[in-house]
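Subject: A structure for you, with notes

Hi there,

Here is the structure I promised to pass on. Please open it alongside this email, and my notes will follow below.

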Amino acid sequence: MESIDEKRQWHYVEELIDRSDKEGIREFFDKAGSDEIAHILSHLNNDQRVRLVELQTPLQTAEMIEELHESYSYGLLEQLSVEKTAAIIGELKSNDPADILGDFNEEDARAVMDQMDNDEAADLRKLIGYR
């Protein structure tokens, strides 16, 4: 069962999204741990998740995604435009981009990589085996 604090957190994030409060969103997620982020995202509907990403920079979204399990990251990214996904993937660190793109079907992964910097895309293609 959820605690009152957990309910308050995701309702608070819903309010921030409704108000388009970019600064409030940034401050909240800067302080939130991976469990809190996953919990909150699980309570937001698809439209709210997309709106949350739209209110953040690609770097802020990448930092949030790095706190999540890659399958959950994939679920969030697959709801976005190819261009937005490519911008976020380009901000991820280490092997996260390859791990996440590896969850995409080959056609979608290629579409994302086509939007990325040529060197980044070439590196990713090598890591995930797409030519």
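In which helix do R110 and E106 both lie, and how many residues apart are they? Both are in helix α9 (residues 106-114), four residues apart, which is about one turn of the helix. Before going further, some housekeeping: this is a predicted model, in which local features need pLDDT of at least 70 and side-chain atom pairs count only at pLDDT 80 or more, while totals for chains, interfaces and linings use all residues. Residues are numbered from 1 along each chain as its sequence is written, and side-chain values use heavy atoms, with hydrogens and water left out. Helices here are DSSP runs of H or I with at least four residues, numbered from the N terminus.

**Confidence**

The mean pLDDT of the chain (the predictor's confidence in each residue, from 0 to 100) is 87, and 92% of the residues score at least 70. As you know, where pLDDT is low, the predicted coordinates should not be read in detail.

**Salt bridges**

Back to R110 and E106: their side chains meet in a salt bridge, 2.4 Å from N to O. The term stands for a side-chain nitrogen of Lys or Arg within 4 Å of a carboxyl oxygen of Asp or Glu. R110 is partly exposed at 28% relative accessibility, and E106 is partly exposed at 38%. For these labels, buried means under 20% relative accessible area, exposed over 50%, and partly exposed in between, with a 1.4 Å probe and protein chains only.

The structure holds six salt bridges. Another one joins D114 to R125, with the closest N and O atoms 2.9 Å apart. This pair links distant parts of the chain, since D114 sits in helix α9 and R125 in helix α10 (residues 118-128), 11 residues apart. D114 is exposed, with a relative accessible area of 55%, whereas R125 counts as buried at 19%. Elsewhere, salt bridges with shared partners join E23, R26 and D30 into one network. Within it, the side chains of R26 and E23 meet at 2.3 Å, N to O. These two are three residues apart in helix α2 (residues 22-31), so about one helical turn separates them. R26 is partly exposed at 29%, and so is E23 at 41%.

**Aromatic pairs**

There are three aromatic pairs. Rings of Phe, Tyr and Trp (its six-membered ring) pair if their centres lie within 6.5 Å; planes under 30 degrees apart count as stacked, over 60 as edge-to-face and the rest as tilted. Y12 and F28 make a tilted pair, because their planes stand at 55 degrees, with the ring centres 5.9 Å apart. Y12 lies in helix α1 and F28 in helix α2, so the pair ties together parts that are 16 residues apart in sequence. Y12 is partly exposed at 36%, while F28 is buried at 14%. Y74 and F104 form an edge-to-face pair, 4.8 Å centre to centre and with 85 degrees between the planes. Here too distant parts of the chain are linked: Y74 is in helix α6 and F104 in the loop between α8 (96-101) and α9, 30 residues apart. Y74 is partly exposed at 21%, and F104 is buried at 7%. Finally, Y12, F28 and F29 form one aromatic cluster.

Leaving aside neighbours within four places in sequence, F29 is in contact (heavy atoms within 4.5 Å) with V13, I37, I40, L52 and M64.

S73, in helix α6 (residues 70-77), is buried at 1% relative accessible area. Its side chain reaches the backbone oxygen of I65 at 3.3 Å. Not counting residues up to four places away in sequence, S73 touches I65, L68 and I100.

Best wishes

Terms used: Polar contact = N/O pair within 3.5 Å; in protein donor to acceptor, adjacent residues only side chain to side chain.
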